[in-house]
Amino acid sequence: MYNVKTNIIAAATAIAVSLASCQGKSEEAIAAGQLADKAQSLIENGKPTEAIAMLDSLMAKYPTDVEAGRRALALRPRAIELGTIAEIQTTDSMIAVYSAENEQIAPSMKKIDDTDLVEPYYVASSGYDPSFMNSTGIQPRVDEIGQFYILSSVTGNNLRHNSITIKSTNGEVSTQAVPYDGDSNYRIDATELVTYSPEACDTIGYFVARNPEATYTLIFNGENGKSLTRKLTSAQAKGIADAWTYSRSIVKARDLAARKQMLEQRLQIARDQIARTSGE
């Protein structure tokens, strides 16, 4: 009986305090305060994204409410801190994934470096042909900063090719066309050599890496609608997949490391704001 009376008295007191706090306030001020309460509850329940959306709604609906604005100013960095910590944890996990992938695939790669090269590059050991320049085929490469790109070579055939297509039973993908310019698209005598930028050929790498054991057909596309077809060996397909995966492990890990640095800066700013608003 005593507990029942105590609970009734406590509830009545809470209602009285709430009513007292609302006395003299406008309906807008009360509504703004309620939104601030909801945002605080969301933060306490580990929902920073929803809390920030609630605070945005509060500021949009009641931009002139000083008390609610002050509460929002104090709550926002707390929500940002909570959300940023979660993002850092996720980023760390993804960095670990791509680091492990790199460790696994790196032994399959071979560095090509000699005095005749402008800069060294990496090729997959699988399907590697050192006489590639004097043959008809393709060579996937990874440059020093981890970018995947492809070279295509056609010899003894005046095809004037400017792109390639890879086909399998799962579909087909093509590089972007590279117009003849004497550099990225180079021709001399009966030899044609085209270099496809990372943006132009990433879909090729992704397509083969999804299923490196499939049977693939390589098509050289000429400027005038002509084409030349070759079968890719399983070793060559694996070489494309290995090079693309190696590149991805480097680029993704680097991008994630940069993102983590940005998140750590954001976290520090949020904590500085929390300390400042707490002091105020």
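Ten salt bridges turn up in this structure, a salt bridge being a side-chain nitrogen of Lys or Arg within 4 Å of a carboxyl oxygen of Asp or Glu. Keep in mind that this is a predicted model, where local features need pLDDT of at least 70, side-chain atom pairs count only at pLDDT 80 or more, and totals for chains, interfaces and linings use all residues. Residues are numbered from 1 along each chain as its sequence is written, and side-chain values use heavy atoms, leaving out hydrogens and water.

- Arg259 and Glu87 meet through their side chains in a salt bridge (2.3 Å, N to O).
- That pair links distant parts of the chain, with Arg259 in helix H6 (residues 234–279) and Glu87 in helix H4 (residues 66–105), 172 residues apart; helices here are DSSP runs of H or I, at least four residues, and strands are runs of E, at least two, numbered from the N terminus.
- Glu87 also forms a salt bridge with Arg266, their closest N and O atoms being 3.0 Å apart.
- Glu87 sits in helix H4 and Arg266 in helix H6, so this pair ties together parts 179 residues apart in sequence.
- Lys260 and Asp92 make another salt bridge with their side chains (2.8 Å, N to O).

**Overall build**
- The protein chain has six helices and ten strands.
- Its C-alpha atoms fill a box of roughly 95 × 40 × 40 Å, taken along the principal axes.
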